Amino acid sequence: NTDNLIAWAILAYRDARLGHKRRAKKAADQVLRINPVFSVEEFARTLKLSSEESRTRFREYSKLAGLV
């Protein structure tokens, strides 16, 4: 589904973490197309990540992809 916000947000994070800047940016653009007021902070709070370190890493790489 091209409007799956969660999938696009995870792809943006993953691609940024792997160093695929162009792909990460494209995924981030899709997130913002679906939800123009998307917040990495709010989204990270909904994820069931194992530690604060994991949440911090998710926020940092998501922001590298172009999400705020």
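This predicted model has four helices and zero strands, both read as DSSP runs numbered from the N terminus (H or I, at least four residues, for helices; E, at least two, for strands). Along the sequence the pattern is α-α-α-α. The radius of gyration is 11 Å, close to the 11 Å from the globule rule for 68 residues, so the protein is as compact as a globular protein of that length; the radius is taken over C-alpha atoms, and the rule is 2.2 Å times the number of residues to the power 0.38. The C-alpha atoms fill a box of roughly 30 × 25 × 20 Å along the principal axes.

Residues are numbered from 1 along each chain as its sequence is written, and side-chain values use heavy atoms, without hydrogens and water. Local features need pLDDT of at least 70 and side-chain atom pairs count only at pLDDT 80 or more, while totals for chains, interfaces and linings use all residues.

Of the 68 residues, 31% are buried, meaning under 20% relative accessible area with a 1.4 Å probe, protein chains only. The largest nonpolar core has 16 residues; such a core is a set of buried Ala, Val, Leu, Ile, Met, Phe, Trp, Tyr and Cys residues joined through side-chain atoms within 4.5 Å. Helices α1 (5-17), α2 (21-34), α3 (40-46) and α4 (52-65) each supply at least two of its residues. Phe43 is among those with the most contacts inside the core. Leaving out residues up to four places away in sequence, Phe43 touches Ile6, Ala9, Ile10, Phe38 and Phe58, where contact means heavy atoms within 4.5 Å.

Terms used
Buried means under 20% relative accessible area, exposed over 50%, partly exposed in between (1.4 Å probe, protein chains only).
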